[in-house]
Amino acid sequence: SPNDTHNRSIVRASSVGAMNKYSIVGYLPSGAPFDSLLVSGKGATKDSRYVLQRAKLEELPESQQRLVINSATVLQGLANSCPHQVLCVESFMDPTGYACSVLEYCEVGPVSLVLEQVKKKEFPLAEAEVVSWASEIALAVHHLHERGMIHLNIGVHSVFICADGQAKLGDFALASQLPEGEDTMEPAAISFSCLPPEILRL
């Protein structure tokens, strides 16, 4: 079952009960099926804060279980090999049944939040910054494609901005591996707003 597969892969990545290493600082906006918590390592400084993304598998339908499993599997497979993707510290199963991934904390938040602040004139945004973000995300996508993987969910909700202004690609729940020897595929799932025009059928 998806649960069994996920439990085995996550436990290999970190010992069960790793949540004990973290203190909850606060709660962050998140989308289903995940909850997102701002955490710090116990005894760590404010500079050592992370996002703990979690989902209770037994309470989810199978389709959402697969999203949780896929996100953790992709993050582990990437092994923090690209500086323009959100880094994964570790993944584990909490004793209470939560599948957890501890991720790099991008302090400014997703671009969707930045754009809301820009509209309210709460966040100054220069053209040079947008060009820099686009370049960094292009490098992240190139890194994925070199490994035969496609993201399938790139948008303002899945690009995150760090305090130093760097943009990072996250949200790998829909990411898919291309079949061996193939350079195209028709995905089983994709965010409609991110659908590329070459596969959009009217």
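This is a predicted model: local features need pLDDT of at least 70, side-chain atom pairs count only at pLDDT 80 or more; totals for chains, interfaces and linings use all residues.

Student: How far apart are E62 and R66 in helix α2?

Tutor: They sit 4 residues apart in α2, so about one helical turn separates them.

Student: OK, how many salt bridges does the structure hold?

Tutor: There are 4 of them. In general, side chains of opposite charge can pair when their charged atoms come close.

Student: Which residue does E104 pair with?

Tutor: K168, and the closest N and O atoms are 2.9 Å apart. That pair ties together distant parts of the chain, with E104 in strand β5 and K168 in strand β9 (residues 167-169), 64 residues apart.

Student: Are E104 and K168 buried or exposed?

Tutor: Both E104 and K168 are buried. For that label, the relative accessible area has to be under 20%.

Student: What about E146 and R147, how far is it from N to O there?

Tutor: Their side chains meet in a salt bridge at 3.8 Å, N to O. E146 counts as exposed, with 54% relative accessibility, while R147 is partly exposed at 40%.

Student: Switching topic. How much space lies in the largest pocket?

Tutor: About 760 Å³. The lining has 33 residues, and P29, S36, Q53, H157 and F160 are the closest to the pocket's centre.

Student: How do the residues of that lining divide up?

Tutor: You get 19 nonpolar, 11 polar and 3 charged residues in the lining of the largest pocket.

Student: Which helices and strands supply at least two residues of the lining?

Tutor: β3 (49-56), α2 (62-78), β5 (98-104), β6 (109-110) and α3 (111-119) each do.

Student: And which one gives the most?

Tutor: That's α2, with 3 residues in the lining. Helix α2 is also where E62 and R66 sit, the pair we began with.

Note on methods:
Residues are numbered from 1 along each chain as its sequence is written. Side-chain values use heavy atoms; hydrogens and water are left out. On a 1 Å grid over the protein atoms alone, a cavity is a set of points where a 1.4 Å probe fits but cannot get out, and a pocket is an open set with protein on both sides within 12 Å along at least five of seven lines; lining residues have an atom within 4 Å of a point. Grid points are joined across faces, edges and corners, and a volume is the space filled by probe spheres set on the points. Ala, Val, Leu, Ile, Met, Phe, Trp, Tyr, Cys and Pro count as nonpolar, Asp, Glu, Lys and Arg as charged, and the others, Gly among them, as polar. Buried means under 20% relative accessible area, exposed over 50%, partly exposed in between (1.4 Å probe, protein chains only).
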